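Reader: I have a structure open and a few things to ask about it. Can we go through them one at a time?

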Amino acid sequence: AGAQQKNIFNETVQQKKKRMQWWTDARFGMFIHWGLYALPARHEWVKNYEQITNAGYQKYFDNFNPDQFDPKKWAREAKNAGMKYAVLTTKHHEGFCLFDSKYTDYKSTNTAAKRDLVKEFVDAFRAEGLRVGFYYSLIDWHHPDFTIDGVHPQRIDKGTEADYAAVNKGKDMKKYQQYLKNQITELLTKYGKIDILWLDFSYPGTFGKGRNDWASMDLIKTIRKLQPQIILDNRMDLNDYSDGYDFETPEQVAPEELVKYKGKYWETCQTFSGSWGYHRDEHTWKNQRQLLDLLITSVANGGNLILNVGPTARGLFDYRANRALDSLGYWMNANQRSVYNCTYPANAYALPAASNIRVTYNPQTQRLYLHLFDYPADGKLVLPGFRGKITYAEFLHDASEIQYKSTGEKDLELKLPVQKPPYEVPVIELMLAKTME
Ligand code: H79
C-alpha cells in the first residue's frame with residue numbers, strides 16, 4: 001500500500017460516488033468554446049501565439065456582435081447528438097467574460113450583444129433537460145495584474161529576465177487572486193445550481209503558475225461551500241489531495257491512451273478539428289468513425305467524452321459542426337443504450353484486441369454491448385470463452401435476434417447477417433446468464 005493520500009474535506013468514497021452518479025451515467029457532454037477569438041477565427045490561443053497586445057485585440061471586442069446567438073438552438077443540437085450536459089467558456093485565457101461581472105468592464109454586456117450570455121445559456125440548456133457547467137480560465141492575458149511568465153523554453157517571445165521584470169513591474173498577483181475568487185463566487189451564486197466547474201489550467205514550476213498563484217486551497221473551499229454538489233476538474237494544482245479535484249481531464253489524446261485511466265473518474269476532452277475556438281481555415285475534421293471511436297472507447301474504459309463546438313462570431317454552430325453532430329445523433333438515436341449508465345465489464349468478459357470490438361456493460365441491467373469496429377465479411381463472429389455466459393443476443397438498433405451456437409470447448413459462434421446494418425459501428429446486445437462479479 002502507498003502512503004495515505006492527503007485530503008481537504010471529509011467526504012466518503014460512497015458519498016462521492018453518489019455525487020458523481022449523474023455524471024458517470026451521462027457519459028457524453030458538449031464543450032462550448034466561445035469568446036472574442038471567434039472573430040479572428042484562427043485558434044483561441046491567437047492572442048498568445050501572435051503576441052497581440054490588449055490594444056491590438058480591442059477590435060474584436062469592438063466588433064463582437066453575435067446576432068444569431070440562440071442558445072435554445074445550441075441546446076437542441078446538443079440534445080439531438082445524445083449529449084447530456086454542456087460546459088461553456090464563461091471566460092477563456094483572453095480574459096473576455098460572457099457574463100455580467102461586477103469586477104470587470106471586459107464583458108459581453110458592454111458589447112453590441114448587450115446581454116449576459118452565460119445566463120441565457122444556463123436557462124436554455126436547463127429547459128432542454130441538460131446539465132450545465134462553467135469553464136473558467138485561471139489564466140488571464142487581459143487582466144492588468146496577471147504577470148507574464150519568465151523565459152519558458154516553449155514560449156515564442158524569448159525575452160530576457162530583465163524584459164519580464166519590466167513588463168511585470170507594478171503587477172500584483174494577489175489582486176488577481178481576489179478577482180478570481182470574486183468572479184467564481186459570482187458564477188456560483190447568480191445562476192442557480194451549477195453542475196460542473198471546469199477550471200483551466202495550472203502549469204507549476206519555475207516558469208509557470210500553480211496553487212500559490214491562484215490561492216487554490218482557499219478557492220476550493222469557497223467552491224465546495226457555495227455549490228456542495230458541483231463536480232470539479234483537476235486543473236487547480238491540488239492533485240496531491242484525493243479531494244482536491246473530482247475527475248481527471250486527458251486533453252486531445254488518442255483513444256488508445258484512454259485505457260490508462262480505467263478505474264478513476266475521468267473525462268477526455270476533444271475537438272472536431274484541433275482548435276477549440278472557431279477556426280475558419282482548419283479543414284481536417286474528424287469523421288463519424290473517429291468520433292464514435294472516442295465516445296465508445298471512453299465508455300469502454302469507464303470514462304466520459306466532452307466534445308467541443310466552437311460557435312462562429314455570429315453565434316451559430318458552423319455547417320461542419322452540425323454535420324458531425326447530426327452523424328452522432330443518427331448513431332445515438334439507435335444505439336444510446338450502450339453508452340448511458342455503462343462502463344467496462346469484468347476481465348472475464350473481455351475480447352481479444354484483434355477482434356476490434358469495444359465492450360461496454362450496464363451493471364443495472366446486466367447487459368453487455370459489443371461495438372463492432374470491424375464487421376465479419378462472412379457474418380461469423382466467434383466469442384471466445386462465452387459459452388454459458390449469455391441467455392440471448394440481439395442487435396441493439398432494431399432488437400432483432402442474433403442466433404448463436406456453441407463451438408470449440410468454451411466458445412460461442414454468432415450468426416450475423418452478411419449485410420452490415422446501416423450503422424458505422426453496429427452494436428450487439430447480450431443478456432448475461434448470471435450476475436457479473
Ligand atoms: O480550453 C482549451 C485549450 O485552450 C486549453 N484547454 C482546453 C480545454 C489548453 N490549451 N493548451 N493547453 C490547454 C495546454 C498548453 C500547454 C502549453 Fe505552455 C502552452 C505548453 C506550451 C504552451 C503554458 C506555457 C504552459 C506551458 C508553457
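Reader: Which residue in strand 13 is the bridge partner of Leu381?

Author: Leu414 is the bridge partner of Leu381 in strand 13. Keep in mind that this is a predicted model.

Reader: How many bridges join strand 10 to strand 13?

Author: Four, and the two strands run antiparallel. Strand 13 covers residues 411–415.

Reader: What is the strand order in that sheet?

Author: The order is 10-13-12, in an open sheet of three strands with antiparallel pairing. Strand 10 (380–383) and strand 12 (403–407) are the edge strands, each pairing on one side only. On average, neighbouring strands in this sheet are turned by 25° against each other, direction ignored.

Reader: Zooming out. How many helices and strands in the protein?

Author: Eleven helices and 14 strands. The radius of gyration is 24 Å, close to the 22 Å from the globule rule for 437 residues, so the protein is as compact as a globular protein of that length. The C-alpha trace spans about 75 × 50 × 40 Å along its principal axes.

Reader: What share of the residues is buried?

Author: Buried residues are 40% of the 437.

Reader: Which residues touch the most other members of the largest nonpolar core?

Author: Met30, Ala86, Val87, Leu88, Phe134, Leu197 and Leu370, in a core of 109 residues. Domain 1 (13–338) and domain 2 (347–432) both contribute residues, so the core lies between them. In soluble globular proteins, nonpolar side chains tend to be buried together.

Reader: Take Ala86. What does it touch, leaving out residues up to four places away in sequence?

Author: Ala86 touches Gly29, Met30, Ile32, Ala78, Phe125, Leu130, Val132 and Gly133.

Reader: Why is Ala41 classed as partly exposed?

Author: Because Ala41 has 18 other C-beta atoms within 10 Å, and buried would need 20 or more, exposed 12 or fewer. Asn341 is partly exposed, with 18 other C-beta atoms within 10 Å.

How values were computed
Residues numbered from 1 in each chain as written. Predicted model: local features only at pLDDT ≥ 70, side-chain atom pairs only at ≥ 80, totals over all residues. Pairing = 2+ DSSP bridges. Axes fitted to C-alpha atoms, helices over the stretch in contact; angles between N-to-C directions. Rg over C-alpha atoms; globule rule 2.2 N^0.38 Å. Core = buried A, V, L, I, M, F, W, Y, C linked by C-beta atoms within 7 Å. Domains from an automatic or database assignment. Contact = placed C-beta atoms within 7 Å.
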